[in-house]
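This report goes through the two chains in turn and then turns to a single residue and its surroundings. Please keep the sequence and the 3D view at hand while reading.

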Amino acid sequence: MSGKVLLLYGSPKGEKGASANIAHHVIEGMRERGAEITPIGIYRSLDQQEAFDRLVKAFDEADSVVLSFPLYIDTLHAGVCEALTRLYRGKEGISQKRRKLLAICNCGFPESRQCRSALRSCQLFAERMGMEFWGGVAIGNGGMLGGGPSHDGRINVKQTEALHALGKGLNDGGAIPAEAVELLGRSPVPPRMYTFFANMGWNAAARKNGVRRKMKARPYQRS
Amino acid sequence: MRAVLLDGTDGKTSWMVPHIVERVQAMGYTLDNYHLEDEKIKRCLGCFGCWVKTPGECIIDDIGRKVTESWVKSDLLIIASPVLFGTYSFNLKKALDRILPILLPYFIRIKGEVHHPHRYGYKQRLLVFGHVEAPMVDEEEAFRDLVLRNALNFHVVGSDLVMLTKETVVHQVNDAFSKLEGASS
């Protein structure tokens with residue numbers, strides 16, 4: 001089944017960073033099956049009605065929606081929250097077909113389970129919109145995937161294959177491939193190694209900006 | 001004693017707030033009250049400038065900085081928000097996303113899970129008031145889970161969530177603050 005897919009980039013970084021890197025590989029899997037993809041950045045669509053109308057139109061025409069986004073303060077970023085809220089409030093103007101939603105949340109922690117609240121919100125959105133929640137995928141170690149300040153990242157071969165499998169599976173119908181979800185949810189490196197190098201990475205970024213010694217600054221210290 | 005109220009309500013849910021304000025002030029707190037629907041807070045850019053460029057302060061110079069300052073300087077953190085999809089209103093979330101500077105970028109382990117440490121370490125309590133307009137199964141449960149996660153990541157010493165209804169708001173708010181007084185003494 002090749003259909004129309006709306007890819008929503010749910011990061012304020014748009015087409016850079018971990019969320020976009022992840023989405024790219026899912027979409028590759030769908031393109032191999034002949035799906036027609038419409039990519040839209042949520043953040044570019046929020047502040048002008050014409051841009052949001054285009055998002056709504058693409059949503060209306062889509063058979064499936066892929067939402068790739070980063071975890072912010074344990075849940076959806078404000079922009080993703082706003083987009084989903086506005087879609088829901090405008091639900092009466094959207095055709096009532098049973099679209100599928102694949103939600104992929106990435107976070108900077110090694111434990112992907114910290115994404116669970118955000119994915120639950122996506123599931124509740126799908127239910128309120130009459131969509132089929134095809135599945136939620138949680139991915140940790142976002143700093144390795146382009147989620148850090150420099151946007152550099154690399155998705156390893158197994159993760160790439162798993163993301164392709166998600167794309168193909170969403171296109172072909174049937175259930176979300178459990179093996180792919182499980183692999184993507186696992187930390188590819190020992191968590192202590194990830195946090196060790198992540199902490200070094202923050203120090204390096206601060207040093208590059210000349211503020212290494214000020215990293216623990218307390219501008220709002222109580223007197 | 002100081003308190004901050006992040007008011008994420010809109011026209012339909014503004015009834016959630018007046019009695020909260022009244023009770024907080026009656027308890028002797030100095031209150032910083034932000035009605036977020038009226039404030040022009042820019043969305044977090046995800047740039048990590050608050051960690052590696054201007055440590056402790058957001059690079060965006062708008063009221064988001066003041067909200068963060070109020071948050072740090074308050075003993076009592078209060079959130080009032082309609083709940084949709086098991087999460088906060090997007091106006092509330094804009095403010096909350098911008099509070100990231102209160103944390104340090106480093107990773108530490110707390111009870112076997114990785115978190116960011118608090119930049120300041122002050123003892124604070126979190127009180128969240130929510131309201132779901134057209135309740136769905138599991139929506140309140142989803143929101144409770146979120147608030148517990150937030151309490152953990154904000155490193156507060158205690159938290160409570162009260163799901164308000166219009167008919168019982170006064171009674172519920174009174175109860176919540178009585179419980180808070182009991183916990184603080």
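## Chain A: burial and fold

In this predicted model, buried residues account for 55% of the 223 residues of chain A. The chain contains 8 helices and 5 strands, and read from the N terminus these elements follow the order β-α-β-α-α-β-α-β-α-β-α-α-α. Its radius of gyration is 18 Å, close to the 17 Å that the globule rule gives for 223 residues, so chain A is as compact as a globular protein of that length.

The C-alpha trace of chain A extends over about 55 × 40 × 25 Å along its principal axes. When contacts between residues at least 6 apart in the sequence of chain A are considered, 79% of them link residues at least 24 apart.

## Chain A: surface and charge

Chain A exposes about 10000 Å², of which carbon and sulfur atoms contribute 49%. The chain carries 32 positive and 21 negative side chains, with the centres of these two sets 11 Å apart.

## Chain B: burial and fold

In chain B, 62% of the 185 residues are buried. Chain B has 6 helices and 7 strands, arranged from the N terminus as β-α-β-α-α-β-α-β-β-β-α-β-α. The radius of gyration is 16 Å, close to the 16 Å given by the globule rule for 185 residues, so chain B is as compact as a globular protein of that length.

Along its principal axes, the C-alpha trace of chain B spans about 50 × 35 × 35 Å, and among contacts in this chain with a separation of 6 or more, 75% are between residues 24 or more positions apart.

## Chain B: surface and charge

Gln114(A) lies in the loop that runs between strand S4 (100–106) and helix H5 (116–128) of chain A. Its relative accessibility is 2%, and because buried means under 20%, Gln114(A) counts as buried.

Notes:
Residues numbered from 1 in each chain as written. Chains lettered and ligands numbered in written order. Predicted model: local features only at pLDDT ≥ 70, side-chain atom pairs only at ≥ 80, totals over all residues. Heavy atoms only, no water. Helix = DSSP H or I, 4+ residues; strand = E, 2+ residues; numbered from the N terminus. Buried < 20%, exposed > 50% of the residue type's maximum accessible area, 1.4 Å probe, protein only. Rg over C-alpha atoms; globule rule 2.2 N^0.38 Å. Contact = heavy atoms within 4.5 Å. Areas by Shrake-Rupley, 256 points an atom, 1.4 Å probe, with all protein chains shown as cover. Lys, Arg positive; Asp, Glu negative; His and termini not counted. Charge placed at Lys NZ, Arg CZ, Asp CG, Glu CD.
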